[in-house]
Amino acid sequence: MLDSALHRKGWLNEATVTLHVLSVQHDQHGLAEVERVHNALPDLVAALRLVPSVRGVVPLGTCNRVELYCDAPNAATSQLLDAAASVLSPAPAWRSLDGDGAMLHVFRVAAGLESVVLGEREIAGQVRRALSESQDLGLCSSLLTTVCEAALRTSRRVARETTLAHAGRSVVSEGLDLMEPVEWSNTRVLLVGTGAFAGASVASLRARGAQHISVHSASGRGEEFANSHNLGCVADLPTGLASADLVVTCRGAGTPAVSLDHLPPAGMVPRFLDLSLHRDVDPAVVESGAHVVDLQTISERVAPRWDQDTAHAERVVAEGCAELRSKLDARVLDPAVVNLREAVLELVADEVARLPQGRALTQDDAAHALRRLATRLLHVPSMRAKQAAASGRTQEYLSAMAELYGIGPAGDALDDHSCPATGYTVSDLDARATTEEAS
């Protein structure tokens with residue numbers, strides 16, 4: 001019967017496609033932890049690939065975050081954490097997500113909604129490069145490719161439909177406004193750190209006419225940043241502070257970058273624009289009388305301007321996730337639809353083989369074959385109906401009949417829709433029959 005044919009055809013067993021995310025972020029874990037995990041990325045990827053059910057890994061490493069996107073349909077998050085713990089000791093306090101929560105996170109990251117600089121576009125390029133590199137190395141899976149590409153498409157839509165890409169510069173610009181009046185062309189600016197706001201700070205300073213900008217980074221990234229932005233590089237922080245009029249900090253390591261010990265022993269103390277989530281300027285510097293404007297003060301002034309765009313971006317991301325979830329669900333069912341069609345066609349072929357041979361078929365022959373085929377097709381649903389009624393699952397069965405065969409409450413008319421397995425509509429089949437009879 002039909003059920004045995006479906007088993008022979010390999011009817012899809014219950015399965016779930018599961019995406020996992022392991023994440024370490026500078027605002028939650030500190031830049032030192034991000035750097036520690038970043039340095040171990042190749043070993044972490046190798047360890048995760050050894051977990052039996054892992055089909056692919058996309059590692060994303062930036063100055064502010066390290067994330068591992070894993071396609072592991074049958075793995076528990078604890079297995080992935082155990083694999084990662086075999087590489088790093090002590091184990092990071094990973095932020096872990098799976099399933100739809102992990103998918104939403106990837107979309108939010110690509111759209112810049114998880115960034116310190118809300119809506120920043122640089123992260124989309126970093127996700128794109130991470131995907132491309134993992135594909136080149138044979139680390140990626142089709143699911144990871146599908147999720148990342150969909151997230152990047154949604155990111156582009158967010159960029160088109162909102163102005164969040166300018167939010168970072170707006171934060172920096174607001175902070176610099178609070179420093180005025182300043183003769184920018186003569187002001188000596190020291191940038192401390194290469195964190196999320198560093199690039200936006202350089203752009204905003206130059207837009208105001210600042211010509212004397214240097215950078216200092218305790219992490220060793222200062223020289224690379226200076227070369228890429230055509231800046232001076234200061235190796236010693238106290239020396240840089242002694243010659244600066246304005247200091248813009250965006251290190252965000254979780255501990256103060258500038259303390260009283262760093263300030264010049266005599267002379268003018270520079271003004272500070274602290275753009276770090278975890279303050280870079282020690283409170284003692286503020287208490288000493290230095291002029292310090294911090295990120296919280298700026299954010300309170302700027303945030304209301306972006307509320308509407310942020311809400312729209314969240315809706316766009318939610319729509320992108322829902323669309324992808326629908327496509328993934330349909331993809332899971334596609335093999336089942338194909339198997340169903342093949343199983344039915346197998347029954348048809350069996351009935352065709354039973355037809356009388358050596359003489360012209362009569363109408364009675366055709367009617368008998370069709371009735372027998374209909375009986376075989378209906379046998380399993382009919383028996384299932386009796387079993388459902390006996391076990392008190394009548395409503396459940398009726399809902400299934402309505403879902404599968406359109407029998408029951410009125411729903412969408414599907415005759416004009418094309419079959420995903422054959423590509424035909426009902427009217428197409430009628431037309432084919434007419435053509436075959438004419439020929």
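## Exercises on a predicted model

Arg156 belongs to helix 8, which spans residues 142-161. The structure is a predicted model, and the exercises below start from this residue.

**Exercise 1.** Determine whether Arg156 is buried, partly exposed or exposed, and identify its contacts outside its sequence neighbourhood.

*Solution.* Step 1: the relative accessibility of Arg156 is 37%. Step 2: a residue is buried under 20% and exposed over 50%, with partly exposed in between. Arg156 therefore counts as partly exposed. Step 3: once neighbours within four places in sequence are set aside, Arg156 is in contact with Arg121 and Arg128. Step 4: for Arg121, the sequence separation from Arg156 is 35 residues, while the C-alpha to C-alpha distance is 9.0 Å.

**Exercise 2.** Explain why the buried residues of helix 3 are said to line one face of the helix, and state what they pack against.

*Solution.* Step 1: in helix 3 (residues 31-39), the buried residues are Leu31, Glu33, Val34 and Val37. Step 2: viewed down the helix axis, these residues fall within an arc of 160°, so they line one face. Step 3: the face turned away from the buried side carries exposed residues, Ala32 and Asn39. Step 4: the packing partners of the buried residues are strand 1, helix 2 (26-29), helix 4 (41-49) and strand 3.

**Exercise 3.** Describe the protein chain as a whole in terms of secondary structure, burial, contacts and surface.

*Solution.* Step 1: the chain contains 17 helices and 10 strands. Step 2: of its 439 residues, 42% count as buried. Step 3: among contacts with a separation of 6 or more, 71% join residues 24 or more positions apart. Step 4: the accessible surface comes to about 23,400 Å², and carbon and sulfur atoms account for 53% of this area.

Definitions and conventions
Residues numbered from 1 in each chain as written. Predicted model: local features only at pLDDT ≥ 70, side-chain atom pairs only at ≥ 80, totals over all residues. Heavy atoms only, no water. Helix = DSSP H or I, 4+ residues; strand = E, 2+ residues; numbered from the N terminus. Buried < 20%, exposed > 50% of the residue type's maximum accessible area, 1.4 Å probe, protein only. Contact = heavy atoms within 4.5 Å. Areas by Shrake-Rupley, 256 points an atom, 1.4 Å probe, with all protein chains shown as cover. Arc of directions from axis to C-beta.
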